[in-house]
Amino acid sequence: MNNQIRLEQANRFIETLTQAKELGLTAIDAGEGSLLVRLPYSEKIIGNPETGAIHGGAITTLMDTTSGSVIICALDEFELCPTLDLRVDYMHPAEPGKPVYARAETYKITSNIIFTRCEAYQEQGNTIANCVGTFMRIGKEASPKSYRDLITGGNQ
Amino acid sequence: MIDPAVLEHTQKTGDFTQLLEDIPYARWIGLCCDRFGDDLIFRLPAKEENLGNPILPAIHGGVIGGFMELAAEIYLILGQETLRMPKIVDFSLDYLRAGLNRETYAECHLTRQGNRVANVGVVAWQKSRSKPIATARAHFLLEG
């Protein structure tokens, strides 16, 4: 699988997640076991009306989506892996009016569990939040073939 | 984050309409809150836009996290006598069951309140309280 295919599959997957689509999440770069996703700024997701900073919940959704989607970039075949847990550390509120980026990597893959790390940041590399997550491997047969074909383009 | 007059009104009447109306993210996911005596129950009505996994279908894990995070913030703000804005430091979330496309509830408890830091636990459930879909804990800095 090359990086272009990884990126396309990650975006097709994100497209099927209604909330991710509503937030306007887009995967913009992919590598083996790594993925970069952008969250555009929107006034609709402000958590602090005084400052215009977006709510931590939108950052959590960005990081959960990126950490879940990076799995596509790490496995040979598509598997839907539910989140077991997430731990998010908030370093700094996101600056209003600017997109937030999340880069995730898988750092350990076992037959049952996938361990991920993710950093959310803005331009100039200011870290907004860090997140570690674990995802459960329930097997590729746990998702219908039609859905797997939708993500892979029927290539698996 | 919250207008002191709105907070006072909410504390006095238990009517969360204005308070939640003022937080765009609360409207975005559709968070509601009801007070029963001193207890607060947070509610997230079923909403297509909140879904993630399309196969089940299930609520996006990030939305469940955002719901619980916002619930913990509001719970802390309401429980204080003076208005101090909680600033989230960290958030740890365990997913226990799929959150199906139906109404979700959450309740918070204050595990420990120090001078500057509060530790809040949150439990979220759907059909039955005895079958939580997620548990979380968060640390908040309280700044005067």
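Helices and strands are here runs assigned by DSSP, a helix having at least four residues and a strand at least two, and they are numbered from the N terminus. In this predicted model, chain B holds four helices and six strands, and from the N terminus on these elements follow one another in the order α-α-α-β-β-α-β-β-β-β. The radius of gyration of chain B is 15 Å, close to the 15 Å that the globule rule gives for 144 residues, so chain B is as compact as a globular protein of that length.

| Property of chain B | Value |
|---|---|
| Box filled by the C-alpha atoms, along the principal axes | roughly 45 × 30 × 25 Å |
| Buried residues | 41% of the 144 residues |
| Contacts between residues 24 or more positions apart | 57% of the contacts with a separation of 6 or more |
| Average pLDDT | 93 |
| Residues with a pLDDT of at least 70 | 98% |

For the complex, the predictor gives an ipTM of 0.95 and a pTM of 0.96.

Where the two chains meet, 34 residues of chain A are in contact with 30 residues of chain B. On the side of chain A that touches chain B, the elements that give two or more residues are α2 (18–23), β3 (46–48), α3 (56–69) and β5 (83–90) of chain A, and the largest share, eight residues, comes from β5(A). The residues on this side of chain A divide into 13 nonpolar, 13 polar and eight charged. Strand β5(A) is also joined by five bridges to strand β3 (residues 85–95) of chain B, and these two strands run antiparallel. Within β3(B), B:Ser92 is the residue that stands opposite A:Arg87.

In chain B, the peptide bond from B:Leu56 to B:Pro57 is cis, with omega near -15 degrees, and B:Pro57 is found in the loop between β2 (39–44) and α4 (61–79) of chain B. In chain A, the residue A:Gln124 has a phi near 70 degrees, which is a positive value in a residue other than glycine. A:Gln124 is found in the loop between β7 (113–121) and β8 (127–136) of chain A. Because a residue with 12 or fewer other C-beta atoms within 10 Å of its own is called exposed, A:Gln124, with 7 C-beta neighbours inside 10 Å, counts as exposed.

How values were computed:
Residues are numbered from 1 along each chain as its sequence is written. Chains are lettered from A and ligands numbered from 1 in the order in which they are written. This is a predicted model: local features need pLDDT of at least 70, side-chain atom pairs count only at pLDDT 80 or more; totals for chains, interfaces and linings use all residues. Two residues are in contact if their C-beta atoms, placed from the backbone, lie within 7 Å. Ala, Val, Leu, Ile, Met, Phe, Trp, Tyr, Cys and Pro count as nonpolar, Asp, Glu, Lys and Arg as charged, and the others, Gly among them, as polar. Two strands pair if DSSP finds at least two bridges between them. The radius of gyration is taken over C-alpha atoms; the globule rule is 2.2 Å times the number of residues to the power 0.38. A residue is buried if 20 or more other C-beta atoms lie within 10 Å of its own, exposed if 12 or fewer, and partly exposed in between; C-beta atoms are placed from the backbone. pLDDT is the predictor's confidence in each residue, from 0 to 100.
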